[in-house]
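These are my notebook entries on a structure I looked up.

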Amino acid sequence: MKINNLPNIFTAALPVLERLENGGFEAYFVGGAVRDLLLNRHIHDVDIATSAYPEEVKELFQKTIDTGIKHGTVTVLYGDSSYEITTFRTESGYQDYRRPDHVTFVQNLDADLKRRDFTINALAMNLRGEIIDLFDGLNDLKNRLIKAVGNPEQRFHEDALRMMRAVRFMSQLKFKLEDKTKQAVKDHHQLLKKISVERIRDEFVKMGIGPHSRQAFQTFLDTNLSEDVPDFAGKSDLLAVYPKLKFNPTEETSFWSVIIILLKIQDTQINKFMRDWKNSNAMTEAVEKIVTLFDLFSERIPTDYELFKAGKTVLLNTIDVAHILGQPIDSEALVDRYMALPIKSSSELAIDGRFLIKQGIEPGPKLGKMLNTIKEKVIAGELENNEEAIGAFVAKQD
Ligand SMILES: Nc1ccn([C@@H]2O[C@H](COP(=O)(O)OP(=O)(O)OP(=O)(O)O)[C@@H](O)[C@H]2O)c(=O)n1
Ligand SMILES: [Mg+2]
């Protein structure tokens, strides 16, 4: 198979491959870029594999960065882009199921492709656009299958994260998991315990916001991968609702919120849950606000002040979560009411503390309380948002 019209992201890299070839080495595009090219998906970066050793790569290019010399990777800055160029290698001795103890450089592409996770990720392309397909990856692309290269058990023992990558790719690409590969995940899901939460989380989120996340989540449950991630063990009954959701989440905040709601996690426990998953403070705070507003929606219609306090982003995110969960909610009315609020942030209030002091109110708790009352009244539409009206209101108090 030969690709004739390569997208710009590849043609821009052709001089890099040429320079390696002119230096007497082999060089290929590998990995996700080749897969995504054949699937007509957006390509975010192109990786290059070569027979040249890292030192030899560095001699050929002016600007390089030692990204992962030990693992054979040099970053080359060329034109407006940067390329990770990795020496053909096999990875041997994965004592801890995580990272290779050492890599062995090899002289041919075949051995390099053999150590990769899935057949669709083990395709290579040379600078003439010719596809090298040693493991029937093109056929699996056509049949939309995630299939391990060679022995799946071996691939998962080398790097257990690959089991999460399998369900992540299912979701992102709308692929199925090939039977033997799926069986190997079922048999070895416990290996995931060896993997850092951060790496698991990144794959889990990519799965959660992919266009096929409900199907992928079903496999995540069927294979018992869910038993080996933070706070999910023994919760498969609650999580079984996920594949039956109305829509797939498209935002990370929505994904976490939906999970927390399905798991029936108490408000006070959200923080712990998010931290167990090593989420950032910003992500945790955003999710807490969404879940809190969602709970409020389930009980009653929020007041204008509650809508004001939530803010537009949290309101829209919460509406999104309600839609995903199939919770009936009059989102149009809520958005209309929010848009009609007299002020959308405290800074839009016509007066501030200094104004109240000039009106004779002493600085202290009483002033703060008065400021809040004014804000609530303005938001409720009971007081006009200008100095005159507010001044008159203040004069009438005590
Ligand atoms: N645990 C892993 C991670 C990566 N790879 C190989 O390294 C390539 C690049 O890895 P990475 O960038 O993590 O994944 P991509 O397949 O490129 O997917 P993405 O589009 O998310 O970058 C993969 O295609 C695959 O050949 C692997 O075999 N095992
Ligand atoms: Mg990649």
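Entry 1. I began with L192, which touches A160, M163, M164, I200, L225, D228 and V229, residues up to four places away in sequence being left out. I note that the model is predicted.

Entry 2. I then asked which core L192 belongs to. L192 is among the residues with the most contacts inside the largest nonpolar core, together with Y28, F29, I48, A124 and I146. I recorded 63 residues for this core. Helix α8 supplies its largest share, 8 residues. The core lies between domain 1 (1-142) and domain 2 (144-229), because both give residues to it. I also found a second, separate core of 32 residues, which includes F255, V258, I319 and L356.

Entry 3. I looked up the division of the chain. It comprises domain 1 (1-142), domain 2 (144-229), domain 3 (245-336) and domain 4 (346-396). For domain 2 and domain 3, I noted 27 Å between the centres, taken over C-alpha atoms. Their contact takes 9 residues from domain 2 and 9 residues from domain 3. On the domain 2 side, α10 (197-208) and α11 (213-222) are the elements that give two or more residues. The largest share of that side, 5 residues, comes from α10. By class, I found 4 nonpolar, 2 polar and 3 charged residues there.

Entry 4. I turned to ligand 1 and listed its surroundings: G31, G32, D47, R116, D117, N121, A122, D159, L161, R162 and R165. The shell has 2 nonpolar, 3 polar and 6 charged residues. Helix α8 (residues 161-173) gives the most to this shell, with 3 residues. Domain 1 and domain 2 each contribute at least three residues to the shell.

Entry 5. Which positions does UniProt list under "binding site"? The unreviewed entry gives D45 and D47. I placed D45 in the loop between α3 (32-38) and β2 (47-50), and D47 in strand β2 itself.

Key
Residues numbered from 1 in each chain as written. Chains lettered and ligands numbered in written order. Predicted model: local features only at pLDDT ≥ 70, side-chain atom pairs only at ≥ 80, totals over all residues. Near = placed C-beta within 6 Å. Helix = DSSP H or I, 4+ residues; strand = E, 2+ residues; numbered from the N terminus. Nonpolar A, V, L, I, M, F, W, Y, C, P; charged D, E, K, R; others polar. Domains from an automatic or database assignment. Contact = placed C-beta atoms within 7 Å. Core = buried A, V, L, I, M, F, W, Y, C linked by C-beta atoms within 7 Å. Buried ≥ 20, exposed ≤ 12 C-beta atoms within 10 Å, placed from the backbone. UniProt positions renumbered as here; feature names shortened; annotations may be inferred.
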